[in-house]
Amino acid sequence: MLTAAHINPPIKTILRAFMRIDDSGIHSVPMSGPLIMATNHINWLDAPVGFSHLHPRKITAFAKIETWDNYWLRLLFNAWEAIPISRGEVDFNAFRKAEEALAAHKIIAIAPEGTRSKTGKLNTGYPGIVFLALRTNAPIMPFVFYGNENIQLNLRKYRRTPMVLKAGAPFRLKAQSSNPDKLMRRELTDAIMYEIARLLPEEYRGKYAEIDPGYRRHLEFIDL
């Protein structure tokens, strides 16, 4: 059976052949969870770079269910023990598997934007991450990628693509209830997205370019 231990080291070597990847900012990521890693999502490179450069940490992630329609991608994402999720609906089965992963002390990577930005600029986050964090009381760590939005252009010009990976300070959400109302869900989601934005250069912050100075009232920073 193909596992992450089989594929991550060669993937890392291959990626570094045509990219200059700076992973000096990820050493604060713990070796295991329970931890929700809140990430931005630029393009197809995020997954292989993230999984291979965080190895041997025990990590899983949501991936759109259509990924499993492709034989080779199915092998890859099964090796990473990724969780298939149906987009555009509340996928209770996917969230149950995410809760099980956290209970097993795994790290689960979630992109609140729900889809690729392609440009690198942040789009509006969705509140699914809030439900999972409040139901499990799992800490959240912001984590970003940037630079890989230029991969296609650089490949055409035979240039190596610089890419940066960076992790931020872990925190838990402050909320009166595990099922907050719509307004509070929005505020909590935006608080997570602002923490992601703070790790990014200004030109990547997109919808979160103007950071609300009061958003941290919703966060309790912790040590892991």
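Figure 1. At 57% relative accessibility, Arg135 counts as exposed (exposed means over 50% relative accessible area, buried under 20%, partly exposed in between, with a 1.4 Å probe and protein chains only). In this predicted model, local features need pLDDT of at least 70, side-chain atom pairs count only at pLDDT 80 or more, and totals for chains, interfaces and linings use all residues. Residues are numbered from 1 along each chain as its sequence is written, and side-chain values use heavy atoms, with hydrogens and water left out. The side chain of Arg135 meets that of Glu99 in a salt bridge, 2.5 Å from N to O (a side-chain nitrogen of Lys or Arg within 4 Å of a carboxyl oxygen of Asp or Glu). Arg135 sits in helix 5 (residues 128-136) and Glu99 in helix 4, so the bridge ties together parts 36 residues apart in sequence. Helices (H or I, at least four residues) and strands (E, at least two) are DSSP runs, numbered from the N terminus. Glu99 is partly exposed, at 22% relative accessible area.

**Figure 2. Glu81 and Lys106, a salt bridge between loops.** The closest N and O atoms of Glu81 and Lys106 are 2.4 Å apart. Glu81 lies in the loop between helix 3 and strand 4 (83-85), and Lys106 in the loop between helix 4 (92-103) and strand 5 (107-110), so the pair links parts 25 residues apart in sequence. Glu81 is partly exposed, with a relative accessible area of 45%. The whole structure holds 8 salt bridges.

Figure 3. Side chains of Arg217 and Glu187 form a salt bridge of 3.4 Å, N to O. Arg217 is in the loop between helix 7 (182-199) and strand 9 (219-221), while Glu187 is in helix 7, so the contact ties parts 30 residues apart in sequence. Both partners are partly exposed: Arg217 at 48% relative accessibility, Glu187 at 25%.

**Figure 4. His53, a buried residue with polar contacts.** His53 belongs to helix 2 (residues 46-54). It counts as buried because its relative accessibility is 4%. Its side chain makes a polar contact of 3.1 Å with the side chain of Arg16. A second polar contact, also side chain to side chain, reaches Ser52 at 3.1 Å. A polar contact is a pair of N or O atoms within 3.5 Å; within protein, one must be able to donate a hydrogen and the other to accept it, and residues adjacent in sequence count only if both atoms are side-chain atoms. Leaving aside neighbours within four places in sequence, His53 contacts Lys12, Arg16, Ile21, Asp23, Ile26 and Leu165 (contact means heavy atoms within 4.5 Å).

**Figure 5. The largest nonpolar core.** This core has 38 residues; Ile36, Phe62, Ile108, Ile140, Leu173, Ile192 and Ile196 touch the most other members. A nonpolar core is a set of buried Ala, Val, Leu, Ile, Met, Phe, Trp, Tyr and Cys residues joined through side-chain atoms within 4.5 Å. Elements giving two or more residues include strand 2 (35-39), strand 6 (140-146) and strand 8 (171-173). Helix 7 gives the most, with 8 residues. Beyond four places in sequence, Leu173 touches Val130, Ala133, Leu134, Ile140, Leu188, Ile192, His218 and Leu219. Another core, of 30 residues, lies apart; among them are Val29, Leu45, Ile107 and Met163.

**Figure 6. Two cis peptide bonds.** The bond from Gly33 to Pro34 is cis, with omega near 5°. Pro34 is in the loop between strand 1 (19-25) and strand 2. The bond from His55 to Pro56 is also cis, with omega near 15°. Pro56 falls in the loop between helix 2 and strand 3 (59-64).

Figure 7. His105, a residue other than glycine, has a positive phi near 65°. The loop between helix 4 and strand 5 holds His105, which is partly exposed at 45% relative accessible area. Tyr158, likewise not glycine, has a positive phi near 55°. Tyr158 is in the loop between helix 6 (151-156) and strand 7 (161-167). At 78% relative accessibility, Tyr158 counts as exposed.
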